[in-house]
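Dear colleague,

I am passing on the structure we spoke about, together with notes on what was found in it. Please look through it below before reading on.

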Amino acid sequence: MTQRIFNFSAGPAVLPVEVLEEARDNLLSLGNTGIGIMEHSHRGKAYMAVHEEAEALCRELAGIPDDYHVLFLQGGASLQFSMVPMNLLRPGATADYLVTGVWSQKAVAEAQRCGQVHVACSSQDRSFSYIPSQCQFSTHPAYVHFTSNNTIFGTQFAAEPETPAGVPLICDASSDIFSRPLPIQRYGLIYAGAQKNLGPSGVTLVIIRKDLVEAGSRDLGTMLQYRTFAEDHSLYNTPPTFGIYIMGLVFKWIKQQGGLAGVERLNREKAARLYQYLDQSQRFRATAEPGSRSLMNITFVTGDAALDEKFIATAKKAGLDGLKGHRSVGGMRASIYNAFPAAGVDALLNVMRDFEQQAS
Ligand SMILES: Cc1ncc(COP(=O)(O)O)c(C=O)c1O
């Protein structure tokens with residue numbers, strides 16, 4: 001088999017080898033059914049067991065109580081930018097958005113199609129390099145929306161923002177879902193495209209409090225209402241069966257790592273090693289401000305675009321792929337989600353140290 005290399009891609013991203021191996025075995029026959037996982041009917045007994053196990057493991061890992069639905073949707077996190085306001089922003093009402101990067105800006109743009117948006121805070125003044133500590137909320141927001149981890153700028157909320165009492169908190173957690181324990185009761189709705197921390201692209205996890213499903217507009221197309229999926233256990237139409245299957249395996253793998261607390265400890269260790277090096281380096285510098293730094297996407301530069309290019313090429317030769325920063329910001333980005341191995345962080349540190357020595 002071709003040797004696997006260290007993949008720092010921001011998403012789709014590295015998956016646990018154990019998950020890929022189990023999936024490989026089940027591609028031709030799921031257990032002893034004689035039918036591969038992708039070929040099973042979504043109404044059949046074999047797939048139903050996969051579907052139910054994925055939901056049960058999700059609930060167990062994050063301690064999701066019965067007053068929340070766990071939904072497996074399609075359309076990526078980007079469709080949630082629209083579904084959230086379509087369902088929850090009634091005419092005449094205002095939704096508050098915390099703007100901490102490009103993905104929050106995109107969420108705002110979609111909400112503005114449905115109703116009024118109030119920007120409660122923004123970190124655009126310093127190129128989204130920090131998480132604002134203060135918000136100014138509108139009088140009675142329908143909900144407050146934030147992006148827990150800013151994949152492009154390498155910043156992350158250390159904890160949930162304080163919001164007005166009784167206002168549903170809604171979170172795009174696409175790039176840090178299940179990377180640390182989740183105080184689910186703080187949230188009205190959390191969504192995440194799977195392709196960073198949970199599985200392959202094509203499935204979106206939505207965890208939504210039941211009263212918000214009930215409150216959702218009934219005037220929307222069937223496929224745009226949360227209740228459609230809530231009422232049918234995400235089986236109204238053909239769900240992304242393979243993605244849900246892989247998600248279930250990833251949940252099982254997270255459980256084996258000690259659950260969300262276990263992966264958080266590993267994530268903190270990996271990120272700390274990189275930031276410690278960056279903070280004393282004479283050649284590289286982290287772009288996110290201390291106190292706002294992401295444990296998932298570590299963004300850094302040399303300060304010289306040509307040298308950045310050279311570093312990325314050097315790293316690639318050493319078997320480290322996907323380190324190029326997002327096209328809108330340049331520089332480097334090491335995406336080190338749950339499944340990214342600690343050995344890959346060591347390998348990156350070695351290449352950075354060598355590069356620093358040679359360039360000085
Ligand atoms: C924080 C965040 N939100 C939303 C998206 C868009 O996700 P999707 O491609 O699943 O629509 C991304 C993609 O990278 C992201 O990082």
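By class, the shell around the ligand holds 2 nonpolar, 8 polar and 1 charged residues, where Ala, Val, Leu, Ile, Met, Phe, Trp, Tyr, Cys and Pro count as nonpolar, Asp, Glu, Lys and Arg as charged, and the others, Gly among them, as polar. The residues that surround the ligand are Gly11, Gly76, Ala77, Ser78, Trp103, Thr147, Thr151, Asp172, Ser174, Ser175 and Gly193, a residue being near a molecule if its C-beta atom, placed from the backbone, lies within 6 Å of it. Helix H3 (residues 76-88) gives the most to this shell, with 3 residues; helices (H or I, at least four residues) and strands (E, at least two) are DSSP runs, numbered from the N terminus.

Please keep in mind that this is a predicted model, in which local features need pLDDT of at least 70 and side-chain atom pairs count only at pLDDT 80 or more, while totals for chains, interfaces and linings use all residues. Residues are numbered from 1 along each chain as its sequence is written.

H3 also packs against helix H4 (residues 102-112), at an angle of about 40° and with the axes 8 Å apart, the axes being lines fitted to C-alpha atoms, for helices over the stretch in contact, and the angles running from 0 to 180 degrees between N-to-C directions. That makes H3 oblique to H4, since angles under 35 degrees count as roughly parallel, over 145 as roughly antiparallel, 65 to 115 as roughly perpendicular and the rest as oblique. The contact is made by Phe81, Ser82 and Pro85 of H3 together with Lys106, Ala107, Glu110 and Ala111 of H4, two residues being in contact if their C-beta atoms, placed from the backbone, lie within 7 Å. These residues divide into 4 nonpolar, 1 polar and 2 charged.

A further helix pair is formed by H1 (residues 17-28) and H7 (residues 241-256), whose axes come within 9 Å and cross at roughly 140°, and which are therefore oblique to each other. Here Glu18, Val19, Glu22 and Ala23 in H1 meet Ile246, Leu249, Val250 and Trp253 in H7, a contact with 6 nonpolar, no polar and 2 charged residues.

At the level of domains, the protein is divided into domain 1 (17-256) and domain 2 (260-359), with bounds that come from an automatic or database domain assignment. Their contact takes 23 residues from domain 1 and 22 residues from domain 2.

With best regards
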